[in-house]
Amino acid sequence: MAKGIVFSAKNKADLEDVELPPLGATEIRGRTLATLVSPGTEFAWLSGDSFPLRPGYAAVFEAEEIGAGVVGISLGERLFCMGPHRSEQQIDQKYVLHVPDTLQSTTAVLARLAGVSMTTLMTTRARPGDVVVITGAGPVGLLAAQLFRLAGYDVSVVDPDPVRRGQVSSVGVEHVYASMPFDDRRLAGNAALVVDCSGHEGAVLDGCRMARPHGEVVLVGVPWRRLTEIHAYDVLHAVFNNFVHLRSGWEWEVPILSRNFKWEELLEGYNNQAQSVFSGFTKILKWMADGRIVTSDLVRTVSPDDPGVVYGDLKARKFDEPFVVFAWH
């Protein structure tokens, strides 16, 4: 019998017993080593009205049982998946990736959060060397800044929180601001891309005013709730007069898995099938293993034995680290 985290009522997180189904022919099952907390998504669920919910965003587990049809995976290997907060994982082999030997499990799960902005990197019209402004330096924004910097963009980050700004500076990003730098002639009106990772309408409006003509403003942060009294007119005015391309940055814009090229699909407009959510994860895991994405001293590892305490401490902002990971064994 496995153990899993359940949101049983508003602001209430517990451990429950979970019985896994029989192992399918192409499935892998094994003990969980680490799972990642996604604060924005999980707190939105925890404060919602629909229960019970069984959260989870990403997991690294060790293969202990392998279905008869599984190919290319051996017992004892560490695997990454988009699995729940549970002591055991069971998933089809097409939705797992090998974790590099040199990469810690509690670091590898962060690939899931980096993948959120990886979709924007795959789809943007901005090119390396262009000015990119990241608004919001939480877990997603911190990783987005590193991805775009790694890809050769001129990256600036805006966040009012001094702790977050310090964390961004610690990973090597030089241009960090407490508010949108409208007085900086190098940036104002020159941003080819503004990536909003805050979900804050004020940041989106600032981004529309910062973008260059025909620049993009991409909404990566989820607008979970209204935070200001800004009117739609203000955003529309900035978009219209600055020729801004304002669009969603939802990570599922690309398919979960890559697909083989087919002429008929090209003719029907499917022109980005080589890129996928999992091809992004593959790159991110390699970059992490190579030390090109920095996360040292930025991960808080916690026990899943009393999840209610963990979520309470996280909500009270008792953790300085931006990333929180459950260590299951």
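Two strands pair if DSSP finds at least two bridges between them. Strands (E, at least two residues) and helices (H or I, at least four) are DSSP runs numbered from the N terminus. The model is predicted, and local features need pLDDT of at least 70. Residues are numbered from 1 along each chain as its sequence is written.

**Exercise 1.** Determine which residue stands opposite Arg29 in strand 7, and describe the other pairings of strand 3.

*Solution.*
1. Strand 3 (residues 27-36) has 8 of its 10 residues buried, that is, under 20% relative accessible area.
2. Strand 3 and strand 7 (residues 88-92) run antiparallel and are joined by 5 bridges; Gln90 stands opposite Arg29.
3. With strand 5 (residues 65-66), strand 3 forms 2 bridges, again antiparallel, and Ile28 faces Ile66.
4. Strand 4 (residues 59-62) pairs with strand 3 in the antiparallel sense over 3 bridges, Phe61 being the bridge partner of Thr32.
5. Strand 16 (residues 323-327) pairs with strand 3 in the antiparallel sense over 3 bridges; there, Ala327 is the bridge partner of Ala34.

**Exercise 2.** Characterise how helix 1 and helix 10 cross.

*Solution.*
1. The axes, lines fitted to C-alpha atoms over the stretch in contact, of helix 1 (residues 39-46) and helix 10 (residues 307-315) come within 12 Å and cross at roughly 110 degrees.
2. Helix 1 is therefore roughly perpendicular to helix 10, a class covering angles of 65 to 115 degrees.
3. Contact (heavy atoms within 4.5 Å) is made by Pro39, Glu42, Phe43 and Leu46 of helix 1 with Tyr311, Leu314 and Lys315 of helix 10.
4. These residues divide into 5 nonpolar, no polar and 2 charged.

Definitions and conventions. Predicted model: local features only at pLDDT ≥ 70, side-chain atom pairs only at ≥ 80, totals over all residues. Heavy atoms only, no water. Axes fitted to C-alpha atoms, helices over the stretch in contact; angles between N-to-C directions. Parallel < 35°, antiparallel > 145°, perpendicular 65-115°, else oblique. Nonpolar A, V, L, I, M, F, W, Y, C, P; charged D, E, K, R; others polar. Buried < 20%, exposed > 50% of the residue type's maximum accessible area, 1.4 Å probe, protein only.
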